[in-house]
Amino acid sequence: MIFHASIPANEPERVARVIAELWKGQTVPFPPIPGTWMAFSGDARGSEIEVSPRNIAFIPGANEIAYRDQPETPQHSSAHLLIASVLDADEILAIAQREGWTARKCRRGAPGAMGFDLIEFWVENVFMLEVATAESSRQYLDFMTGAPAREMFGLKAAA
């Protein structure tokens, strides 16, 4: 189970506020790393996403994580997250439109097979945050915990 994640952004405070809005959560600064903000979901697991300046790189430190400036940081990557939102699809799309970010409804899964819906929510038109509504969260769980994922990915059934 993932409890928290960290993502890069050009405007960390703005991005954290939008993510918190998708959760109807809260946003606070993250003091250990300058310019980093946290979006708290308010759920029972304490889920949160830290949003750091794009030019910050985490590196192994002498005793624990350290960070440094990385001036030539790429804007795009294959990293992405799927989060659940308490909002419906129209509300999620409206937030993206307000921010000037690309968002679209998509379907994931093998063609012709069971799958799940989600919204590609392109934070700052750079980072793909997949957002699931309550209904698409149920679809995702049915897909990933059942036969469709086992068949698609060649997974063994849980013992």
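Select Asp117 first. In this predicted model, Asp117 is partly exposed, at 30% relative accessibility. Arg107 sits in strand β8 and Asp117 in strand β9, so the pair ties together parts that are ten residues apart in sequence. Arg107 is partly exposed as well, with a relative accessible area of 47%.

Select Arg104 and Glu120. Their side chains form a salt bridge at 2.9 Å, N to O. Arg104 belongs to β8 (residues 103–108) and Glu120 to β9 (residues 116–123), so this pair ties together parts that are 16 residues apart in sequence. Arg104, at 40%, is partly exposed.

Next, go to helix α1, residues 12–23. Pick Glu13 and Arg17. They lie four residues apart in this helix, about one turn. Their side chains meet in a salt bridge, 2.5 Å from N to O. Glu13 has a relative accessible area of 32% and is partly exposed. Arg17 is partly exposed too, at 42%.

Now select Glu11, Arg14, Glu21, Arg98 and Glu99 together. A network of salt bridges links these residues. Show every such pair in the structure and the total comes to twelve salt bridges.

Turn to the nonpolar side chains. Select Met144, Met152, Phe153 and Leu155. They form a nonpolar patch on the surface, with about 370 Å² of accessible area together. Where is Leu155 found? Look in the segment after α4, the helix that covers 147–153. Leu155 is partly exposed, at 47% relative accessibility.

Zoom out to the whole chain. Switch to a cartoon and count four helices and ten strands. Trace them along the sequence: the pattern reads β-α-β-β-β-β-β-β-α-β-β-β-α-α. The C-alpha trace spans about 45 × 40 × 35 Å along its principal axes.

Of the 159 residues, 39% are buried. Then display contacts between residues at least 6 apart in sequence; 49% of them join residues at least 24 apart.

Finish with charge. Colour the 14 positive and 20 negative side chains. The centres of the two sets lie 5 Å apart.

Key: Residues numbered from 1 in each chain as written. Predicted model: local features only at pLDDT ≥ 70, side-chain atom pairs only at ≥ 80, totals over all residues. Heavy atoms only, no water. Helix = DSSP H or I, 4+ residues; strand = E, 2+ residues; numbered from the N terminus. Buried < 20%, exposed > 50% of the residue type's maximum accessible area, 1.4 Å probe, protein only. Contact = heavy atoms within 4.5 Å. Lys, Arg positive; Asp, Glu negative; His and termini not counted. Charge placed at Lys NZ, Arg CZ, Asp CG, Glu CD. Patch = residues over 30% accessible without salt bridge, like charges linked within 9 Å, V, L, I, M, F, W, Y side chains within 5 Å. Areas by Shrake-Rupley, 256 points an atom, 1.4 Å probe, with all protein chains shown as cover. Salt bridge = Lys/Arg side-chain N within 4 Å of Asp/Glu carboxyl O.
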